[in-house]
Amino acid sequence: MNYYKKSLKEFKKVIRKNKNMTREEWDKYAMENGFFSALTLEAHGNVYNFEELKKKYIFI
């Protein structure tokens with residue numbers, strides 16, 4: 001199982017429901033549900049901050 005893809009899929013789903021989600025809110029959600037943190041998603045997404053990560057995946 002690819003946990004990165006699973007985390008990314010969940011991130012896309014959650015961020016579309018709550019476009020104003022903060023990095024801390026995602027990290028808390030991820031920790032509670034076993035997903036990768038915002039830092040890991042940012043690194044794999046080749047972005048420099050959480051806002052860029054949200055913009056990258058909100059409109060896909």
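Analyst: Let's begin with contacts, which means heavy atoms within 4.5 Å. Leaving out residues up to four places away in sequence, E10 touches W26, Y29 and F35. This is a predicted model, where local features need pLDDT of at least 70, side-chain atom pairs count only at pLDDT 80 or more, and totals for chains, interfaces and linings use all residues. Residues are numbered from 1 along each chain as its sequence is written, and side-chain values use heavy atoms, with hydrogens and water left out.

User: Where does E10 lie, and is E10 buried or exposed?

Analyst: Helices are DSSP runs of H or I with at least four residues, strands are runs of E with at least two, and both are numbered from the N terminus. E10 lies in helix 1, residues 3-17. For burial, look at relative accessible area: under 20% is buried, over 50% exposed, and in between partly exposed (1.4 Å probe, protein chains only). E10 has 13%, so E10 counts as buried.

User: How many helices does the protein chain have, and what percentage of the residues count as buried?

Analyst: The protein chain has four helices and zero strands, running α-α-α-α from the N terminus on. Of its 60 residues, 35% count as buried.

User: How many aromatic pairs does a search of the whole structure find?

Analyst: Rings of Phe, Tyr and Trp (its six-membered ring) pair if their centres lie within 6.5 Å; planes under 30 degrees apart count as stacked, over 60 as edge-to-face and the rest as tilted. The search finds six such pairs. In one of them, F11 and W26 have ring centres 5.2 Å apart and planes at 85°, so this pair is edge-to-face. It links distant parts of the chain, with F11 in helix 1 and W26 in helix 2 (residues 23-33), 15 residues apart.

User: Are the rings of W26 and F35 stacked or edge-to-face?

Analyst: With centres 6.4 Å apart and planes at 25°, the rings of W26 and F35 are stacked.

User: Which residues form the aromatic cluster?

Analyst: F11, W26, Y29, F35, F50 and Y57 form one aromatic cluster.
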